[in-house]
Amino acid sequence: MIKTASCLLASILVSVLLVWLIWQWLGEPVSMVDAPSGKVHCMSYTPFRGSDTPFNPAYVASQRQIESDLALLSKSTDCIRLYSPGQGLDHAVVVAEKDHMQVLLGAWIGRVDADNEKEIERVISLARAYPETVRAIIVGNEVLLRNEQPASKLAALSRRVKAETGKPVTYADVTDFWLKAPQELADSVDFLTVHILPFWEDHPRSAAGGVALVDEAVEQIRARFPGKQIVIGETGFPSKGRQRGPAIPSPVSEALYLRSFMVWAQHAGVDYNLIEAFDQPWKRALEGTVGGNWGIYDEAREAKFSWQGPVSNQPHWKQAAKVSIAIALVLTGFCLFIRVRGVPLVGVSALGSIASVFVVLQAQQSLAAYRDLFEGVVELYLMGQTLACLLLLLPQIARGRSADAPAPLAAVAQWCRVPQAAGMTRPVVLGLLHLSVLASALVCSLGLAFDPRYADFPLAAFTVPAAGFLILAALNVRRAPGPLRREEALLVILGLASAAISMLGEGLENGQAVRWALLVLAILAPFAGTVRDLFARAR
């Protein structure tokens, strides 16, 4: 009894210490350059929260919300950029004047000329009513990129707005389309507004290397349009989402890029606007998790980082650690309940403690990724799958080399055709769980292989299942010899092929793609015997 109590106490201490140290490491602040003193030049502002979207024609921004948002933003900037005065955003100009802020006022130009005319009339009216607040008018945003109007039409609209308001006018687009733009468009505006987003480049740049790209782009445009003033109308870095090349979204990456950029802009004497003030959940429908997480503030209007001092990717790591510790303690009690003689409780509970960290990381990723009810159900299913792996695989791992192996797919399929309680053996249960993990991983892997641009790598959701089945396979659990399992061979081929396509398509510099390929291999580990049979047959 005393020995058991001592073992339990040691397991609890190990679990708590291990979880705390892991989270402390994840939350370790990273030192970086400080932003220049003073306020940010300008920030893109859109008010949308939750399910709000600009694609809902009935949406009108709350005046109280705009007033609250601008009161917050006025502490860190004296300027906001609006992309359109529609959907109640004309009130932002009124509030900006009261808060002594200025506005880069945008007219959204699209395919429909009648809609464009309404936008032009709105911005002209606002510029005349608030001449001291409207700093400049941006006639069109990435219209050439979307191929919705010719450059000659944009030039004509710019000249008209300039003539009717007397305000400086500009047009905004990415570097490549400014480099291809005709001289007529450049001549029609007072300055060139350029969007430079290192994350979305065809050859993405990391947060540390993004400023070099900005410098290169500005020099290219200066050479193309000598003597023309350049304003960087959008630049930023995402704080969440999938990796692209060396570009890894995180709060540290966002802070590092923005601070470094602001230092560069000060030295280069370049005016700029950061994208964006607040995270915009509606963009996740267009660009995945990463699209909705470019804000300097999150959706709840909390700053993600400060402009000076170290920055952490897990600023609330202590709270996360407490949740993980609670999960780890439950798992420790579970391990004690299913303890197998000869297997140290401390070792098994330590595995559960590490897994508890990934459960919390999975919850964080799920909250960032899901956009609607269907995706919420999918994320809940994956979380349930992870918890099932913890509860079903830990007892098998605790049994060591006497652990049960997942039943072959043929046996699982046979049980599914004629489900019987008597046939629900542990191998069949493990086989059903493995089939669930494998099927969901294959769906994700095929998506990442053939439609990857906006898809996340669900690393946290599959780390615990993959590790669990890999450990089972490593315990030298051997199935009884039998015929070649063609259905398993097919799944192995699909898994290996999709993981390889994804990894090679992303490049080895994409650590998330490499880790995803390794997770798929781990999930396929129980089929190692089938792989050996395949190679044996091939020879």
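Trainee: In this predicted model, does Y297 count as buried or exposed?
Mentor: The cut-off for burial is under 20% relative accessible area. Y297 has a relative accessibility of 9%. By that cut-off, Y297 counts as buried.

Trainee: What is the relative accessible area of F278?
Mentor: F278 is also on the buried side of the cut-off, which is under 20%. The relative accessible area of F278 is 1%.

Trainee: How many aromatic pairs does the count come to?
Mentor: Rings pair here if their centres lie within 6.5 Å. By this rule the count comes to 18.

Trainee: The rings of F278 and Y297 have their planes at 50°; what does that make the pair?
Mentor: The ring centres of F278 and Y297 are 5.5 Å apart. Planes under 30 degrees apart count as stacked and those over 60 as edge-to-face, with the rest tilted. At 50°, the F278 and Y297 pair is therefore tilted.

Trainee: How many residues apart in sequence are the parts that F278 and Y297 tie together?
Mentor: F278 lies in the loop between β8 and α11, a helix that covers 284-291. Y297 lies in the loop between α11 and α12. The pair therefore ties together parts whose separation in sequence is 19 residues.

Trainee: Which residue has its charged end over the ring of F278?
Mentor: A charge sits over a ring if, among other conditions, it is within 6 Å of the ring centre. The charged end in question is 3.9 Å from the centre of the F278 ring. It belongs to R301.

Trainee: At what distance from the ring centre of F177 does K180 lie?
Mentor: K180 lies over the face of the F177 ring. Its distance from the ring centre is 4.2 Å.

Trainee: What kind of pair do the rings of F305 and W307 form?
Mentor: Both F305 and W307 are buried. Their ring centres are 5.4 Å apart and their planes stand at 90°. Since planes over 60 degrees apart count as edge-to-face, the F305 and W307 pair is edge-to-face.

Trainee: Which residues do ring pairs link into a cluster?
Mentor: The cluster is held together by ring pairs. Its members are F199, W200, F237, Y257, F261, W264, Y272, W294 and Y454.

Trainee: Which are the edge strands of the eight-stranded sheet?
Mentor: The sheet is open, with parallel pairing and the order β1-β2-β3-β4-β5-β6-β7-β8. An edge strand pairs on one side only. The strands that do so are β1 (43-44) and β8 (271-272).

Trainee: What is the bridge partner of A107 in β4?
Mentor: Strand β3 (residues 102-107) runs parallel to β4 (residues 134-141), and five bridges join them. Within this pairing, L105 stands opposite I137 in β4. For A107, the bridge partner is V139.

Trainee: How many of the eight residues of β4 are buried?
Mentor: Strand β4 is mostly covered. The count of its buried residues is seven.

Trainee: Which cysteine is joined to C42 by a disulfide?
Mentor: A search of the whole structure finds one disulfide. Its S to S distance is 2.2 Å, and the cut-off is 2.5 Å. The cysteine joined to C42 is C79.

Trainee: What is the handedness of the disulfide of C42 and C79?
Mentor: C42 lies in the loop between α1 (2-26) and β1, and C79 in strand β2 (residues 79-82), so the pair ties together parts that are 37 residues apart in sequence. C42 counts as buried at 0% relative accessibility, and C79 is buried with a relative accessible area of 0%. The torsion about the S-S bond is about -60°, so the disulfide is left-handed.

Trainee: Which cysteine has the sulfur closest to that of C389?
Mentor: C389 counts as buried at 2% relative accessibility. The closest cysteine sulfur is 14 Å away, too far for a bond. That sulfur belongs to a residue that is partly exposed, with a relative accessible area of 23%: C444.

Definitions and conventions. Residues numbered from 1 in each chain as written. Predicted model: local features only at pLDDT ≥ 70, side-chain atom pairs only at ≥ 80, totals over all residues. Heavy atoms only, no water. Pairing = 2+ DSSP bridges. Helix = DSSP H or I, 4+ residues; strand = E, 2+ residues; numbered from the N terminus. Phe/Tyr/Trp six-rings, centres within 6.5 Å; stacked < 30°, edge-to-face > 60°. Buried < 20%, exposed > 50% of the residue type's maximum accessible area, 1.4 Å probe, protein only. Lys NZ or Arg CZ within 6 Å of the ring centre and 35° of its normal.
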